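Please look through the notes below with the model open beside you. Take the points one at a time.

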Amino acid sequence: MTRRRWQRVVVLVLSAALSAGLVACGGGDGGVAQDAEPNIAPFDDVSLPDSLLGLRVGKEDIGSALAKVRRTYVDESALFALRSEDQLVQATLQVNRFEAKERYRATSFQRTIVNQLGTSAPVATRMGSRTVWRTTGANQMVAVWFDGRVMYLLAIRGDFDRPRSLIRELVEREQ
Amino acid sequence: MTKRAVVVTTLALMLGITGPACGKNPGEPADAVRAALRRTASEPRRFSYTEVTSERTVAVDGVVEDDYRYKVAVSVDDAAAYDEVARDDALAVRFAAPELIGSVSLASAAPSAAVQDALRTRRWVTDPVGAPDLTGAAALTRPPGEDPVLDGLTLAAYVSKAIGEAESVRRFNPEAIDYIAREDRFPKPEDGSGVTRFDLRPPTIPAPGGVRAGGLPGLAHLRRMSVYVKGGVVTNVLEDIDVGSRLDRLLRLVDVKAPPRASRVQRAQLAVAALNRQRASQGSALIRIRRMSAEFIDVGRSSTVELPGETITGSLNVIRNRGRTPKAATTTTAPSQPQPQP
């Protein structure tokens with residue numbers, strides 16, 4: 001994937017977060033934060049293997065994109081791309097850590113967030129002991145799950161042939 | 001009429017008036033059943049699902065690890081038919097009765113020679129990307145009976161839908177004024193068993209004017225369903241799709257004159273056949289007379305579903321609602337890591 005196309009992916013994923021109300025536009029400047037430092041910090045405490053199901057896992061630099069938004073619920077965020085051998089992005093994983101408030105751990109809050117993602121009504125599924133919300137995007141399968149303050153948002157290309165195995169790999173890694 | 005009888009009748013009428021409205025309120029029986037269904041479906045479990053029609057009896061016995069992993073054994077008329085194991089994206093199938101392959105196959109798809117040979121010789125075939133999606137809309141909109149495995153696996157969603165189509169849901173009460181014992185073919189909960197039975201009341205069959213306007217009776221009108229709940233989880237579901245006491249009304253609606261010596265069963269078949277002709281002309285799904293029962297066992301007891309060891313790898317998209325892109329078959333001696341498609 002070219003750099004330009006990848007930037008579009010970053011923008012799309014952050015747009016999903018924006019639409020879910022995870023971040024908010026800064027005041028008075030067309031959504032650009034006034035501070036020099038980004039309000040949402042990069043989430044460094046996320047550990048993923050170099051490869052999953054044959055897909056190369058790479059952490060993306062989203063610092064400049066984060067600088068353009070001001071946080072509401074999320075204080076740290078990270079974005080990973082999972083690429084096949086031909087460099088095509090087969091999936092993206094966004095990891096958001098919510099602020100340390102108890103209500104952000106509540107199922108009702110999580111459901112509110114999930115309801116704003118995707119283009120179809122989210123369905124709660126059980127994977128192991130974890131609830132995984134499933135919805136769809138534009139030619140994408142979207143899976144969302146929570147672990148304490150951390151939300152995982154996995155968007156998988158519609159033509160990727162092992163989406164459930166990929167979700168399982170990531171969900172069980174976090175358990 | 002005695003004064004006491006008048007009071008009882010008046011109270012019964014008042015209850016009858018307020019009954020349907022109460023069914024819409026939170027905390028009512030419908031909500032209790034839905035909550036039990038959600039709880040049951042979210043837990044690992046074993047289940048036994050049976051569908052009886054005039055043509056055959058199909059039974060599915062299964063183990064569900066979670067929404068992405070299950071294994072089932074299917075029998076037809078008490079004879080082993082086929083086994084199926086799904087583990088995330090992978091699906092394995094083996095036919096114990098190869099003569100039944102045609103009954104679950106798509107005419108438009110042709111298996112590879114290796115897959116065909118394996119299925120005919122009662123060997124396992126594993127499709128690395130062939131598992132059905134149990135949570136997708138397609139899995140929940142099939143007509144019942146088309147795919148008994150998916151019917152058994154997605155029963156909670158089917159019952160939830162039936163609740164939405166019912167006039168109301170009521171706790172079983174043999175002393176209710178409108179309880180008709182001769183029409184109740186489902187067992188009553190034993191005293192002290194802790195089991196609560198909930199009955200779905202079908203909507204009234206449309207009046208002739210409604211039928212002329214296109215409002216033909218559907219599955220919901222002919223359904224008798226009871227859900228048994230214990231300890232907050234569903235233990236049993238029983239369903240009869242039949243005309244029951246509504247036979248005469250249905251015959252009038254579909255304008256069918258049954259032969260004078262026709263038995264009740266024959267008259268019911270005539271009525272449903274005529275109804276289905278009208279439904280088909282409207283493009284509506286046909287109604288199958290059937291009896292369904294399901295039992296949930298060991299709800300909450302964890303279990304592990306593994307793919308079979310010795311298997312042929314290939315596409316199972318020849319089977320209805322299964323498989324994706326065809327692949328070349330290769331022999332393996334252990335569950336192979338599925339290969340990504342190009």
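The points below cover the interface, a pocket, the salt bridges and the cavities of this predicted model.

1. Start with the contact between the chains. Chain A brings 16 residues to it, and chain B brings 18. Together the two chains bury about 1600 Å². Carbon and sulfur atoms account for 39% of that area. The size of an interface is often given as the accessible area lost when the parts come together.

2. Next, look at the charged pairs across this interface. Four salt bridges are counted between chain A and chain B. One salt bridge joins the side chains of B:Asp89 and A:Arg164, at 3.2 Å from N to O. Side chains of opposite charge can pair when their charged atoms come close.

3. Polar contacts also cross the interface. Eleven residue pairs of chain A and chain B are in polar contact, with both residues at pLDDT 80 or more. On the side of chain A that touches chain B, two or more residues each come from strand S8 (123-127) and helix H4 (163-174) of chain A. That side of chain A has seven charged, six nonpolar and three polar residues.

4. Now find the second largest pocket. About 1000 Å³ of space lies in it. Its lining counts 34 residues. Which residues lie nearest its centre? They are A:Val123, A:Ala124, A:Thr125, B:Arg38 and B:Ala41.

5. From chain A, helix H3 (107-115), S8 and strand S9 (130-137) each give two or more residues to the lining. By class, the lining has 15 nonpolar, eleven polar and eight charged residues.

6. Step back to the salt bridges of the whole model. Over all chains, the count comes to 38. One of them pairs A:Asp44 with A:Lys59, and their closest N and O atoms are 3.3 Å apart. This pair links distant parts of the chain, 15 residues apart. A:Asp44 sits in the loop between strand S2 (41-42) and strand S3 (51-52) of chain A. A:Lys59 belongs to strand S4 (residues 55-60) of chain A.

7. Finish with the cavities. How many cavities of 30 Å³ or more are there? The count is four. The largest cavity has a volume of about 70 Å³. Its lining is made up of B:Tyr82, B:Glu84, B:Val104, B:Glu146, B:Asp147, B:Pro148, B:Ile319, B:Arg320 and B:Arg322. Five of the residues in this lining are charged, four are nonpolar and none is polar.

Notes
Residues are numbered from 1 along each chain as its sequence is written. Chains are lettered from A and ligands numbered from 1 in the order in which they are written. Side-chain values use heavy atoms; hydrogens and water are left out. Contact means heavy atoms within 4.5 Å. Buried area is the accessible area (1.4 Å probe) that two parts lose on being put together, summed over both. A polar contact is a pair of N or O atoms within 3.5 Å; within protein, one must be able to donate a hydrogen and the other to accept it, and residues adjacent in sequence count only if both atoms are side-chain atoms. Helices (H or I, at least four residues) and strands (E, at least two) are DSSP runs, numbered from the N terminus. Ala, Val, Leu, Ile, Met, Phe, Trp, Tyr, Cys and Pro count as nonpolar, Asp, Glu, Lys and Arg as charged, and the others, Gly among them, as polar. On a 1 Å grid over the protein atoms alone, a cavity is a set of points where a 1.4 Å probe fits but cannot get out, and a pocket is an open set with protein on both sides within 12 Å along at least five of seven lines; lining residues have an atom within 4 Å of a point. Grid points are joined across faces, edges and corners, and a volume is the space filled by probe spheres set on the points.
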